[in-house]
Amino acid sequence: MPLLGCIADDFTGATDLASTLVRQGMRTVQVIGVPDGPLPEADAVVVALKSRTAPVGDAVAWSLAACDALLAAGATQIFHKYCSTFDSTPQGNIGPVTEALMKRLDAGLALACPAFPTNGRTVFQGHLFVGQALLNESGMENHPLTPMRDANLVRVLAAQTEGGVGLVPFAVVDQGAAAIRRAFSGLRDAGRRHAIVDAVTDAHLMAIGEAAALHPLITGGSGVAMGLPENFRRAGLLPAREDAASLPPHTGHAAVLAGSCSRATLAQIGLARDHMPTLELDVLANPDAEALTAEALAWMGGKLGAEPILIAASAPPDKVAALQAKLGREAAGALVEAVLARVAEALVAGGVRRLLVAGGETSGAVVQRLGVATLRIGAEIDPGVPWCFAEGRGPALHLALKSGNFGARDFFLKAFEHV
Ligand code: ADP
């Protein structure tokens, strides 16, 4: 039964959190969507929702359903994971989901800490920084879906919630877990229901995690989850695990599918094409899903084996813009995603059992098409991108889902040395 039950508001954020927990010694499984059956065996289960920008009512309903499934499986603590840039609108969904979970869990106070110092996200005096810039001057003020125009998280959360919001400031956090715990009690006694917690270093995150050992609900970015596994070990509930990242041995053929047009992915393709059989689909010249799929299927025949092959739709910005001008932005993306999802299905049918997918949306389309239900999280190839063992409707396989800009230039090559 899981000790820690997590609810994440998007897919790649869920994987990021799951990887953090594995690094800290918890065997972790990510479940895609609200679980509809028994949960897999693990120390921590992360339910990946797509609720960040969903209507508030949907986000609350899905999160509560996920919470109920995690509690029924035995989880003793719930973690509500959102983005380290606190992506939300004045209506939510961070505040309303947190308050619904608090009610369900009978929690008196919920801490909120999106800090992720390794990635430059820090909270000081309640203000969120991205690198050296305040959140509202970091580019996030122009986000198409969740523009963040105020870096003061006490104010931002207050606008989304009914319970009062207080702050545990740097000067307290820096004194360690006991001081933080006293501050939580003080806020609760003063009638506050939410606590924004400052954190500038990983040591702060570890202390916050320790101070929250008995909280039924914790909310934040993946960073603050860092301190939680140690609480379970201290309580004698979690054995020391050397093998938290171990996955079943791999079998079968290897392939890379790229649908990301991010700079990092284009560079990775540039290097890989000299080292592995590579097909680069020219989507602009031939924007026809049937024809592109047929081209990929014909090309891959006879090439599948232990050595990876690469199929990419990725293109530089001018070509992407030209296709978008021709078809519209959404239709262009949907066309390529549909082609790559069908190619993924054909690769698996052809015996591929180690599949690396580049691109966040592309990964979503592939996972959906393959009917993946759970991902057991293994070791990271590069920060934020672990190999996973995927199970669901089709055959089980090793899957690595890479957010476009992640990974070093030789990522596609070294990935297969790791699995
Ligand atoms: P990232 O993680 O880099 O943002 P995504 O997969 O999330 O990558 O997004 C890339 C989008 O670009 C997808 O919708 C994909 O279908 C689309 N795309 C891929 N290749 C092309 C292309 N040649 N022209 C236009 N759009 C493309």
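**Ground rules.** I am working with a predicted model, where local features need pLDDT of at least 70, side-chain atom pairs count only at pLDDT 80 or more, and totals for chains, interfaces and linings use all residues. Residues are numbered from 1 along each chain as its sequence is written, and side-chain values use heavy atoms, with hydrogens and water left out.

**Ligand shell.** I found 18 residues around the ligand (a heavy atom within 4 Å). Ser-260, Ser-262, Glu-337, Glu-361 and Thr-362 come nearest. By class, I noted seven nonpolar, nine polar and two charged residues (nonpolar being Ala, Val, Leu, Ile, Met, Phe, Trp, Tyr, Cys and Pro; charged being Asp, Glu, Lys and Arg; polar being the others, Gly among them).

A ligand oxygen lies 2.7 Å from an N or O atom in the Ser-260 side chain. For polar backbone atoms, I read 2.8 Å from a ligand oxygen to Gly-360 and 2.7 Å to Glu-361. The protein covers 83% of the 570 Å² of accessible area that the ligand has on its own (Shrake-Rupley, 1.4 Å probe).

**Ser-138.** I checked how open Ser-138 is: it counts as partly exposed because its relative accessibility is 27%, between the limits of 20% for buried and 50% for exposed. The Ser-138 side chain reaches the backbone oxygen of Leu-135 at 2.6 Å. Leaving out residues up to four places away in sequence, Ser-138 touches Val-130 and Ala-133 (heavy atoms within 4.5 Å).

Terms used: Polar contact = N/O pair within 3.5 Å; in protein donor to acceptor, adjacent residues only side chain to side chain. Buried < 20%, exposed > 50% of the residue type's maximum accessible area, 1.4 Å probe, protein only.
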